[in-house]
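These are my notebook entries on a structure that I had not examined before. I looked up its sheets, its helix pairs and the contact between its chains, in that order.

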Amino acid sequence: MVPQDFHGVFSRGMAWDRAGAMDLVVDTLAVARGGLTVLEGVSFTLAPGQALVLRGPNGVGKTTLLRTLAGLQPAVSGTISVPPESLTYAAHADGLKAVLTVEENLQFWAAIHGVGGVADAMAQMNLSDLRARRAANLSAGQKRRLGLARLLVTGRAIWVLDEPTVSLDAASVALFAGVVRAHLAGGGMVLIATHIDLGLDEAQVLDLTPFKARVAALSDGFDEAFA
Amino acid sequence: MMALLLRDLRLAFRAGGGFGLGLAFFLLVAVLVPLGVGPEPATLAKIAPGILWVGALLACLLSLDRIFALDFEDGSLDLLATSPIPLEGVVAVKAFAHWLVTGLPLTVAAPVLGVLLNLAGQGYLWLVVSLAAGTPALSVIGAFGAALTVGVKRGGLLVSLLVLPLYVPTLIFGAEVVKRGATGAEVQVPLLLLAGITAGAVAFLPFAAAAALRVNLR
C-alpha cells in the first residue's frame, strides 16, 4: 500500500507548480471497495472545458472511483492531484431535506459554499415554478433536478457525477446536458459515470473494464449493490 | 457554519423534526415519578436532584441517533464532507444545534418540574446552573456516539449503550451539585468538575467524532 496524502496535495499547492495546474490528474490509481481492490492502474487527465464519461458494467467500481476522487475514501495506491476546493460530488442520494422547500434547500447549499445564484440555478434546471414547494412533495425526477441544481450553487469547477440522469425524462436529460455544456464552456470539468447517452458528443469516454483488478475479476459479481 | 446551524434548527422545528421530544419525556418523568414513589414530601425532596438529572440525561439520549443518521441517509453528509466546512466544524455545529433543541429547553423547564418533585428552595438556582453547565457535554458526547454508529441501521440502541458509560461522570457531578445546593452545602468542587468535563468534551470530541465520521463515510 502506498500511502497517499490527498489533502497534502491540496494544501501544499504542489499541483500549482506544474504546467496545467488547473487539471484533474489521476495517475495509476487503485481503489478498493470493502477492503477489496476493484480497479487498478487508472490514469487520465481532465483539463478545463473537458468532460469524461466513465463506462463499465455494474460492480466494476465506477462509484468507488468517484468517491475516491471526491476524497470520501482513501486510494489504495496512485495519486490524484486537483486544485484545492475545486471538486463537488453528486451521487444517487441528492442530499435534500424533505421538509425544506426547493428554494431553502438550494439556499442552504449556496450558503455552505459561500456563493449565490440560487434563482439562476432554479431557472437553469427548470425549477422556478416549484420554488415554494417542499422537497417531500416533488416527483423523483423533480428531486433529481433539484439535486443537480445544487451543483450550480457550489461554485466548484470539477463536477463528479454518479448516474446523474436516473429518473430524469428525455426533456430533463437534454436540459441537464445543456447545463453541463454551459459549465464546460465556462472552463469547468465534468466527470460522469453513466449507462445512458447524455448526448455530449464532445466528451471523451473511458471504459473501466480493462482496469478491473485481478482479485476482483476472480470474484465476479461479488457485490453488485454498490455498483 | 451559520447556515448549517440555521438549517438544523429549522429542520428540528418543522414537522417531524423532533423538537419537544426530549422535553415531553422530561415532563413525563417528573410527573410520573411522584405518582410511582408516593406523595411524601420528604422522600420526594430527597430524590428530586437525582430524578431531575436522570430525566434530563435520558431525554438527551432520545434524540441522539438523529444527529447524523438523517444526513447520512439522504446523502447530505457526503456532500457536507466535500464542502468547504471542515468535518470538525460540522460536528461542533450539529452538537450545538442538538443542545439548543434539547439541552437548553430542558434547562429552562427544569425549575418548573422541580416544583413537582418538591425540590428544596435553595436548590433551584443550582439545578439550572448544573444543567446549563452539564447538558452541553451530553450533546457533544452524544454527537461522538452518533458519529461512531452513523452507518448502522437503527443504531439508536448502540448509541445508547456506547454513550451511557460516558454520561456517568456528568450525571454524578451534576446531581451532586443540585443535592449539595438543595441542602445549602458547598457546591464548588462538583460544579468545577462538571464544568471541566464539559470543557474537555467540547474541546476534544469534535475531532474524535470527525475522525469517526471519516471512517464511516468510506
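**Entry 1: a sheet of chain A.** I began with a term: two strands pair if DSSP finds at least two bridges between them. I also noted that the model is a predicted one.

With that term in hand, I looked up an open sheet of 3 strands in chain A, whose order is S2-S1-S4 and whose pairing is antiparallel. I found strand S2 (36–46) and strand S4 (77–81) of chain A at the edges, each pairing on one side only. On average, and ignoring direction, neighbouring strands of this sheet are turned by 30 degrees against each other.

I then followed one pairing in detail. Strand S1 (residues 24–33) of chain A runs antiparallel to S2(A), and the two are joined over 7 bridges. As one example, I recorded that A:Leu29 has A:Val42 in S2(A) as its bridge partner. Helix H2 (residues 62–69) of chain A packs on this sheet and touches S1, S2 and S4 of chain A. I noted that the direction of this helix makes about 125 degrees with that of S1(A).

**Entry 2: a residue in a loop.** Where is A:Gln73 placed? I located A:Gln73 in the loop between H2 and S4 of chain A. Is A:Gln73 buried, exposed or partly exposed? Because A:Gln73 has 18 C-beta neighbours inside 10 Å, it counts as partly exposed; the label buried would require 20 or more.

Leaving aside neighbours within four places in sequence, I listed the contacts of A:Gln73 as A:Arg67, A:Thr68 and B:Arg218. I also looked up A:Arg33, which is 40 residues from A:Gln73 along the chain; their C-alpha atoms are separated by 9.4 Å.

**Entry 3: a parallel sheet of chain A.** I next examined an open sheet of 5 strands in chain A, with the order S5-S6-S7-S3-S8 and parallel pairing. Its edge strands are S5 (87–90) and S8 (204–207) of chain A. The twist from one strand to the next averages 15 degrees. S5(A) pairs in the parallel sense with strand S6 (residues 158–162) of chain A over 4 bridges. Within this pairing, I noted A:Val160 in S6(A) as the bridge partner of A:Tyr89.

**Entry 4: two helix pairs of chain B.** I turned to helix H2 (residues 21–37) and helix H3 (residues 41–62) of chain B, whose axes come within 9 Å and cross at roughly 150 degrees. H2(B) and H3(B) are therefore roughly antiparallel to each other. The crossing of H2(B) past H3(B) is right-handed. I classed the residues of this contact as 16 nonpolar, 3 polar and no charged.

For the second pair, I looked up helix H7 (residues 123–148) and helix H9 (residues 188–217) of chain B, which pack at an angle of about 20 degrees with their axes 8 Å apart. H7(B) and H9(B) are therefore roughly parallel to each other. H7(B) passes H9(B) in a left-handed crossing. Among the residues that meet here are B:Phe144 in H7(B) and B:Leu205 in H9(B). This contact divides into 20 nonpolar, 3 polar and no charged residues.

**Entry 5: where the chains meet.** How many residues of chain B are in contact with chain A? I recorded 19 residues of chain B, in contact with 20 residues of chain A. On the chain B side, helix H1 (2–13) and helix H5 (76–81) each supply at least two residues.

Key
Residues numbered from 1 in each chain as written. Chains lettered and ligands numbered in written order. Predicted model: local features only at pLDDT ≥ 70, side-chain atom pairs only at ≥ 80, totals over all residues. Axes fitted to C-alpha atoms, helices over the stretch in contact; angles between N-to-C directions. Parallel < 35°, antiparallel > 145°, perpendicular 65-115°, else oblique. Left-handed = near helix turned anticlockwise from the far one by under 90°. Nonpolar A, V, L, I, M, F, W, Y, C, P; charged D, E, K, R; others polar. Contact = placed C-beta atoms within 7 Å. Buried ≥ 20, exposed ≤ 12 C-beta atoms within 10 Å, placed from the backbone.
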